[in-house]
Amino acid sequence: MTAPNLDDFLATMIDAAADAGAIVLAFFEGECAARAKRDGSPVTEADRAAETAIERALRERFPDMPVVAEEAIADGHVPPVLGERFFLVDPLDGTKEFVAGLYDFTVNIALVEDGVPVAGVVFAPAYRELFYGSPAGAFKLRTGDRGERGEAVPIAARAEPEAIIAVVSRSHYSTDTDDFLAGHTLESVVPVGSSLKFCRIAEGMADIYPKLGRTMEWDTAAGHAILAAAGGSVTRIDGSPLVYAKRGVEGEADFANPSFIARGRPDPTAAGEMRAGARSRA
Ligand SMILES: Nc1ncnc2c1ncn2[C@@H]1O[C@H](COP(=O)(O)O)[C@@H](OP(=O)(O)O)[C@H]1O
Ligand SMILES: [Mg+2]
C-alpha cells in the first residue's frame with residue numbers, strides 16, 4: 001500500500017467529523033437537551049460518544065497514527081510517542097454553549113506534522129456548516145438534516161479593512177482582550193463560542209481573534225489549519241508561530257497553548273507603504 005497523502009487523511013477526517021457531528025447533534029436536539037442544562041452529564045456523554053466514533057474511524061484507516069484526543073488525555077491516555085505526524089481531536093468544543101442551548105459548538109480534527117497543523121476539519125452541526133483546510137485550500141460546505149453534504153465552496157480570509165471586526169470568546173472573556181482591542185479601530189466585537197472564531201475569519205466574516213489566556217492544542221489546531229489554508233495566520237503575541245506537540249515544558253501542562261492572535265490576510269497596502277517608506281528614506 002502506498003503511503004497516505006494529505007488528501008487521504010483529509011477525506012477520512014471529514015467523514016469522521018461529519019459522523020461525530022451527527023452524534024453530538026442528536027444529544028443536543030434530543031430529549032437530553034433539557035437535562036443537559038441541569039447536570040452536565042449529557043455533555044460528557046456526547047463528548048465521549050463522539051470521541052469514540054472519531055478514534056475508531058481514524059484508527060481503522062490509519063492504525064499506526066497516534067491520536068491525541070481531549071477526553072482520552074483527561075483519562076490519562078497519552079500516546080507514548082507522537083512521531084512527526086499525529087491527529088489532534090476535540091470532539092465537542094464550546095461545551096458551555098452546548099449546555100446553554102446555543103449553536104456555537106464544534107467537532108474538531110487536525111493533522112499535525114512537525115509541529116504544524118497542516119490539515120483541519122471544523123464541523124458546527126447545529127449550523128449545518130462544515131469547514132476544512134489543507135495546503136490545497138480552505139473550503140466550506142453545508143450539511144443537510146440527514147447528513148447530506150452540499151458542494152464544497154472555496155473560502156478566503158480578507159485583508160484587514162480600516163475598521164476591523166473582532167471575534168472573541170463568549171464564555172471565557174478576559175479584560176486583557178479589551179485592553180488588546182483598545183489599540184485597534186473596531187467596527188464591532190462579536191462574541192462567538194468554540195473554534196468557529198477561526199472559521200469566521202477564514203471565510204472573511206471577521207478580521208481578528210485575540211486569545212489572551214490559556215487554551216489547549218485540541219481547541220485550536222483544526223481551526224488554525226483552516227485559517228492558514230484560507231490565507232490567515234495564528235501567532236503568539238510576539239509574532240512567532242504557534243506550534244503544536246508542546247510537551248515537557250516546565251510549569252505548563254502538556255499540549256497547553258500560550259496566548260495567541262488569529263488574523264486574516266496580511267494587508268498588501270501596508271506592505272506597499274512599508275516599501276514606499278523604505279524607498280523615501282533611502
Ligand atoms: N481560560 C481558559 N482556560 C481553559 N480553557 C479555555 C479557556 N478559554 C477557552 N478555553 C477552551 O477553549 C475552548 C473554546 O472556548 P471559547 O469558546 O470560550 O473560546 C473551550 O473548549 P471546550 O468547550 O472543549 O472545553 C474552552 O474550554
Ligand atoms: Mg475545546
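This is a predicted model: local features need pLDDT of at least 70, side-chain atom pairs count only at pLDDT 80 or more; totals for chains, interfaces and linings use all residues.

**Entry 1: two domains**

I began with the spacing of the domains: the C-alpha centres of domain 1 and domain 2 lie 19 Å apart. Domain 1 covers 6–155 and domain 2 covers 164–271, with bounds that come from an automatic or database domain assignment. Residues are numbered from 1 along each chain as its sequence is written, and chains are lettered from A and ligands numbered from 1 in the order in which they are written.

**Entry 2**

How many residues does each domain bring to the contact? I found 36 residues from domain 1 and 25 residues from domain 2, where contact means C-beta atoms, placed from the backbone, within 7 Å.

On the side of domain 1 that touches domain 2, the elements supplying at least two residues each include α4 (70–74), β2 (85–93) and α5 (95–100). Strand β4 (116–124) is also among them, and β4 gives the most, with seven residues. Helices (H or I, at least four residues) and strands (E, at least two) are DSSP runs, numbered from the N terminus.

I also noted the make-up of that side: 21 nonpolar, eight polar and seven charged residues. In this scheme Ala, Val, Leu, Ile, Met, Phe, Trp, Tyr, Cys and Pro count as nonpolar, Asp, Glu, Lys and Arg as charged, and the others, Gly among them, as polar.

**Entry 3: ligand 1**

Next I asked where ligand 1 sits relative to the two domains. Ligand 1 lies between them, because both domain 1 and domain 2 give residues to the shell around it. There are 14 residues around ligand 1, and D93, T95, S169, H172 and D219 come nearest; being around it means a C-beta atom, placed from the backbone, within 6 Å. The shell holds no nonpolar residues, nine polar and five charged.

**Entry 4: the UniProt sites**

I then checked the record. An unreviewed UniProt entry lists D90, D93 and D219 under "binding site". They span 130 residues in sequence, yet no two of their C-alpha atoms are more than 6.6 Å apart, so they gather at one spot. I keep in mind that such annotations may be inferred rather than shown by experiment.

Is D90 buried or exposed? D90 is buried, with 32 other C-beta atoms within 10 Å; the cut-offs are 20 or more for buried, 12 or fewer for exposed, and partly exposed in between. D90 is in strand β2 and touches E70, N108, W218 and D219, leaving out residues up to four places away in sequence.

D219 is in helix α8 (residues 217–229). This residue is buried too, with 23 other C-beta atoms within 10 Å. Beyond four places in sequence, D219 contacts D90, D93 and S195.

**Entry 5: a second annotation**

The unreviewed entry also has a "binding site" covering E70, L92, D93, G94, T95 and D219. They are spread over 150 residues of sequence but cluster in space, with a largest C-alpha distance of 12.8 Å.

I looked at two of these. L92 lies in strand β2 and counts as buried, with 27 C-beta neighbours inside 10 Å. G94 is in the loop between β2 and α5 and is buried. Outside its four-place sequence neighbourhood, G94 contacts D104, F105, T106, G193 and S194.
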